[in-house]
Amino acid sequence: MAEFTQRVFSGVQPSGNLHLGNYLGAVRRWVELQDRYPCIFCVVDLHAITVYQEPKALEHATREVAAAYIAAGIDAQKHIVFNQSRVPEHAELAWLFNCVVRLGWLNRMTQFKDKAGKDREAASAGLYVYPSLMAADILAYRATHVPVGEDQKQHLELTRDIAAKFNHDYAERIAERGVGVPTTIGDETVNAWFPLTEPLIDGPATRVMSLRDGTKKMSKSDPSDLSRINLTDDAEQISRKIRKAKTDPDGLPSEVAGLAGRPEADNLVGIYAALTGKTRQDVLAEFGGRQFSEFKPVLADLAVEVLSPISGRMRELLSDPAGIDATLRDGAGRAREIATATIAETKAIMGLIDN
Ligand code: AQP
């Protein structure tokens, strides 16, 4: 029986400095997955412009995100690394999906509500249809697995809804053209053109929180630089930010249950766990009963040890922007071969003449 080719797709927006949350929640997981799957890692610049980006800063951030992927250990020769806008099929498929997605579905997206804020009328239309573009990014490669942080879970569910509706609406045509892949959903088997992509959200750092407020996620667009550890921060900056991280007056508990209602403590313990590959319980077995004044310097040393080789390698790569551009160009060429074939068949399924 035919099956979907197993493939991983994921991306980061070049909308500012890459931070520890992006690294622990996404990029570091990709490095592990690249030994098990063929992977496509995209710098999603078309997503970034859903909010205004100063052009020079966008160029710099695009190269910086690509450099971070490679510095973190992504093999851009064996896998595919490129920036989204170089492959126009993403935007083309997003339009087709805009005609599949329902307004009611888009209206439920919490990220739009968060990012648009109170003045929704002033938000770009791009920000509103962002989830269609994300579905297109993934399904242009008919990717089966997408490693992301917790915040992207709802968008991934929407991607599955779009795929399922497309498969359902065009079921006859998919069968007629003999391109369907039998896919079991519950106790039903459908003839799918698009896979129902699996999100991969696991580990102790699927949601790294701001160092200034444990109830808000660490984010590139947080106006306070003290809220996040950037991958480009040097040892002194990392230590200072961890020293200044908000905590409560109590010491560390010895059981995970003792972290309940203490978001800042939970966050720092989670970061330590993710950086060492341990569980929160392991960390508390070691540090339970100690004060933050003792824990923070150990955490800072650990963060510097893990991040400095990455930031050093990023600096080297960024000293040769033409080299990064060549990697992105090469990746885009290979990505495009896959995406053009998907779009051609998708259009044919929909009845859009293109011969
Ligand atoms: N705080 C986080 N903890 C764990 N994972 C995170 N990710 C983002 N923030 C955290 C994951 O990183 C990947 C890339 O995210 P993105 O660039 O698409 O944008 P985002 O999720 O909107 O990240 P930011 O930093 O908050 O950017 P801005 O401020 O520009 O919106 C995704 O897999 C995401 O889950």
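The accessible surface of the protein chain comes to about 16200 Å² (Shrake-Rupley method, 1.4 Å probe). Carbon and sulfur atoms hold 50% of that surface. The model is predicted: local features need pLDDT of at least 70, side-chain atom pairs count only at pLDDT 80 or more, and totals for chains, interfaces and linings use all residues. Residues are numbered from 1 along each chain as its sequence is written, and side-chain values use heavy atoms, without hydrogens and water.

Of the 355 residues, 50% count as buried, that is, under 20% relative accessible area (1.4 Å probe, protein chains only). The chain contains 15 helices and seven strands, taken as DSSP runs (helices H or I, at least four residues; strands E, at least two). Its radius of gyration is 21 Å, close to the 20 Å of the globule rule, so the chain is as compact as a globular protein of that length. The radius is taken over C-alpha atoms, and the rule is 2.2 Å times the number of residues to the power 0.38. Along the principal axes, the C-alpha atoms fill a box of roughly 65 × 50 × 45 Å. Among contacts (heavy atoms within 4.5 Å) with a separation of 6 or more, 77% join residues 24 or more positions apart.

Helix H11 (residues 235–243) packs against helix H14 (residues 292–318). Their axes come within 9 Å and cross at roughly 145°. Axes are lines fitted to C-alpha atoms over the stretch in contact, with angles from 0 to 180 degrees between N-to-C directions. H11 contributes Ala 235, Ile 238, Ser 239, Ile 242 and Arg 243. They meet Lys 296, Leu 299, Ala 300, Ala 303, Val 304 and Leu 307 of H14.
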